[in-house]
Amino acid sequence: MPERHATEPLPTPAPRIARLSGARVSLGPWEAPDLAAFAALNADTETMRWFPSVLDRRQSDDAAHRMAHELQTRGWGLWAARLDDGAFIGFVGLAIPKFEARFTPTVEIAWRLGRHFWGHGYATEAARLALDHAFGELALPEVVALTATGNERSRRVMDRLGMTRDPADDFDHPALTIDSPLRRHVLYRIRRPDRLDKTTESAERSPERKDTR
Ligand SMILES: CC(C)(COP(=O)(O)OP(=O)(O)OC[C@H]1O[C@@H](n2cnc3c(N)ncnc32)[C@H](O)[C@@H]1OP(=O)(O)O)[C@@H](O)C(=O)NCCC(=O)NCCS
């Protein structure tokens, strides 16, 4: 995908982008005012502790554009997460890992919230919405989550979602250098619930084809 930069407006959200609503949090398209809040959280060293570096404004805007365009293309992806009053709190959603590993191709669930919004259960609530969409609408057989081994906060979200880790699945992230302290990653998995298997078996497709087009 070509690089997109701050000067380029976000795409007008396609009507088929899924919009998911929970009791306190909703997931939907990215909007132009989200970019500043997203840049602030990407510049925060504590929020970005388990990533190779903080992002500057341009890197943050590029990341938001990539997520907005993937949502536009597939109808699902890494959604902007909001509270009832419309406040942007970060992103939560589904993505196809771009690197190769024993467990790819697959679909992962991921999250990043501004620090001010930690400790309220928002990430778990939003992730449940994304998982319901993955197993219901998209009929995925499995969703994974991955993070640097030491990222206990993120791992607690995975636990709360009912995801499980087999230490045999631990891996070195191929995008990180051999000397990076973040290189060792854990992999958590969750299978589609049996009750959904019975009704959606015939709809099962490979991760590359989970478009809602
Ligand atoms: C990972 C991350 C999303 C977790 O956020 P979080 O707010 O801790 O997670 P949850 O939404 O599940 O909230 C659970 C916490 O809220 C508390 N909480 C308070 N009110 C609550 C409520 N009404 N309902 C549920 N939980 C509530 C829980 O007790 C729990 O706290 P604890 O973990 O200290 O026990 C957040 O730390 C983050 O964005 N980190 C930076 C990005 C990152 O590392 N992403 C992952 C990279 S792979």
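Guide: Start with α4, residues 152–160: Ser154, Val157 and Met158 are buried there. They share one side of α4, because they cover an arc of only 100 degrees around the axis. That arc is taken from the directions from the helix axis to the C-beta atoms. Buried means 20 or more other C-beta atoms within 10 Å of a residue's own, exposed means 12 or fewer, and partly exposed lies in between, with C-beta atoms placed from the backbone. Helices (H or I, at least four residues) and strands (E, at least two) are DSSP runs, numbered from the N terminus. This is a predicted model: local features need pLDDT of at least 70, side-chain atom pairs count only at pLDDT 80 or more, and totals for chains, interfaces and linings use all residues. Residues are numbered from 1 along each chain as its sequence is written.

Visitor: Which residues are exposed on the other side of α4?

Guide: Glu152 and Arg156.

Visitor: What covers the buried residues of α4?

Guide: Look for contacts, meaning C-beta atoms, placed from the backbone, within 7 Å. The cover includes β5 (108–113), α3 (122–135), β6 (142–148) and β9 (184–191).

Visitor: Which residues come nearest to the ligand?

Guide: A residue is near a molecule if its C-beta atom, placed from the backbone, lies within 6 Å of it. Of the 20 residues around the ligand, Trp118, Gly121, Ala123, Thr124 and Thr147 come nearest. β5, α3 and α4 are the elements that give two or more residues to this shell.

Visitor: Which element gives the largest share of the shell?

Guide: α4, with five residues.

How values were computed
Contact = placed C-beta atoms within 7 Å.
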